[in-house]
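Take a look at the model shown here.

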Amino acid sequence: MNSRIDDYRKIVGNEIIDELYLLAQKLKGISIQNINSTPSGGGVAEILSRIVPLMQELGVNIWWDVMEAEEEFFSITKKIHNRLHGVDIPLSKKELEHFLEVNDQNTIKMKKWADIVFIHDPQPIALIKMKRKLKNKWIWRCHIDFSSPCRDIWLFLKKFIEKYDVSVFSAPIFSRPLSIRQVLIPPSIDPLSDKNKELEAHFIDEILNRFGIDKEKPIITQISRFDYLKDPIGVIKAFKLVKKYIDCQLVLAGGGARDDPEGERVLEEVKNEASSSRDIFVIYLPPNSHLEINALQRASTIILQKSLREGFGLTVTEALWKEKPVIASCVGGIPLQIAHKYSGILTYTIEGTAHWIRRLLHEPEYARRLARNGKQHVKNSFLITRHIQDYLLLFLSLFNKSDLIYLD
Amino acid sequence: MQPFYFHTRITQVELLGRIAKNVKELYEGIKEVPPSSIYHHTHRYLEQHRYFSPEHPNDFSYWITTSLGLKKLGEKIASVDIFQFSDIEDLRKKFLEILENFLKSSPALRNCLPQEEFRFLSSRIFILPTPYKATNLVEFLNCLEKVTIHSLYFHIFEARLRLKKHDNDFSCWLRDLGYKELADRISKLDPYTYTLEGLRKRIINLVKSYL
């Protein structure tokens, strides 16, 4: 069962929740519509599925629509995604035309529009053409690492972005010169969701048994989609370097999303690479396997996130919240979450990752200290209540130009 | 006599899309960004480090020291006594003066590594009421013990510099209440050298000595 907004009082305190009610009250009479491209799988859908009902409970008139599209559209948006990450894969003019066509069709299919339209990521970005007709407020929320995009795709998207009232980025590093306001809103995790709530020990054991994982041997885990940018092959290579000295296990677990057709190919490659060792567990999970992921994270000795590129890196936030020592690449939003050697470890290479796995396995007290600091940092900065607060302020700021806003 | 209404504030951080790779670009940025950006980069740390005094009291000095490796310049920027300034424009001038002197004496510019550029941010402040109000010194003390550090921050820092009141809200009210000496003593506290919890304790002790 989903948690209620008042359930968060015991985690973040009464005052934060009271402030949320007050901010929500100030939005009375204003409707807000979220639009993204997938109802499940991936961080965006996950956070929307939590934030929207909680905001409704606060009294905000907010809802969430998913754009309609077929396989071809998603293979094009996957290419756009990769080019935004700076990966130079071909993308034809015809494909971009199809991308715009699907957006056009969705402007017709959409039954209802709100006073504020909140667009998530590039897939529905071209819906902005409706602004001229509707004369309402539009927000574009970028969840992707924008630090080194291919120039052509950036210029293509920029034309649309600059028609919005405001843009939102997850980390300062993703910001670029734009003619519109840019607001910083890091994403968040929900401490009471199935993916992050406390679990009974026997449930965790049951999950380990189900996958044949030995709870007596150290468990190194990476939870992520099967995607080249998450570098699962690099993780296996790092593990093999560690395995020469320490008897441990590797768990690579994750699912796919409707808008990621590349996943199956990556999964096959990972299975091939892992086939040489009995201690590597490649686990493909169906969408909504939140309890399984939670259990695997909680059972882990160390959690990795060896991404080559990353948006914010919510799997890192989840691991830190569960008070686990985390070794992650210094990319995207990860350095905002991990201060090296204080709240986790930041690495740049396969060898460096292997070195730190060995160090942390040999020095459990040091690993525990990192984990404690990491959890505190997430509690202060990356829980869902802070995210809701940021969104409420974002909506209110659309109607207030001043940089000092009194909400008496 | 008007009661003292405790307020609190929430910050919305904005990205200006402007970066600096070296001291010259930092100088140009500081010269041109809005006052809210100078305020943000010199005050952000106060609430982030709730209990521990940070090593670097502003973002400019942190970046100059860690990303450019210019320790002496970093220390000079860190040592600017913000409490002396009751106007952000004067504070901006002070930073520019230090950077200008450095640029005159150091013709070779050092660039930071890619991805380590200084990114200019600014902030927008939302001010909210809290349930706490005081009509006398005893009630004022009770409230001081209960309000969050964000409320304390608002009445001490934001009121003085950003709202251009030239003094903190507590001292203004206490003066009107007839506690001129107590008001002056709170005015003279340099809040930048305390952690927020430390500052709360110091003010509470001062108030207690007048009860």
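The crossing of α6(B) and α10(B) is left-handed. The contact between these two helices involves seven nonpolar residues, no polar ones and three charged ones. Keep in mind that this is a predicted model.

Where do the helices sit? In chain B, α6 covers residues 137-146 and α10 covers residues 196-208. Their axes lie 10 Å apart, and the packing angle is about 160°. Angles over 145 degrees count as roughly antiparallel. The helices α6(B) and α10(B) are therefore roughly antiparallel to each other.

Which residues meet at this contact? From α6(B) come B:Leu137, B:Phe140, B:Leu141, B:Leu144 and B:Glu145. From α10(B) come B:Arg200, B:Ile203, B:Ile204, B:Val207 and B:Lys208.

Now turn to chain A. How many helices and strands does chain A have? The count is 16 helices and 13 strands. The radius of gyration of chain A is 21 Å, close to the 22 Å that the globule rule gives for 408 residues, so chain A is as compact as a globular protein of that length.

| Property of chain A | Value |
|---|---|
| Span of the C-alpha trace along its principal axes | about 65 × 55 × 35 Å |
| Buried residues, as a share of the 408 residues | 48% |
| Contacts joining residues at least 24 apart, among contacts between residues at least 6 apart in sequence | 71% |

Note on methods: Residues are numbered from 1 along each chain as its sequence is written. Chains are lettered from A and ligands numbered from 1 in the order in which they are written. This is a predicted model: local features need pLDDT of at least 70, side-chain atom pairs count only at pLDDT 80 or more; totals for chains, interfaces and linings use all residues. Axes are lines fitted to C-alpha atoms, for helices over the stretch in contact, and angles run from 0 to 180 degrees between N-to-C directions. Helices (H or I, at least four residues) and strands (E, at least two) are DSSP runs, numbered from the N terminus. Angles under 35 degrees count as roughly parallel, over 145 as roughly antiparallel, 65 to 115 as roughly perpendicular and the rest as oblique. A crossing is left-handed if the near helix is turned anticlockwise from the far one by less than a right angle, and right-handed if clockwise. Two residues are in contact if their C-beta atoms, placed from the backbone, lie within 7 Å. Ala, Val, Leu, Ile, Met, Phe, Trp, Tyr, Cys and Pro count as nonpolar, Asp, Glu, Lys and Arg as charged, and the others, Gly among them, as polar. The radius of gyration is taken over C-alpha atoms; the globule rule is 2.2 Å times the number of residues to the power 0.38. A residue is buried if 20 or more other C-beta atoms lie within 10 Å of its own, exposed if 12 or fewer, and partly exposed in between; C-beta atoms are placed from the backbone.
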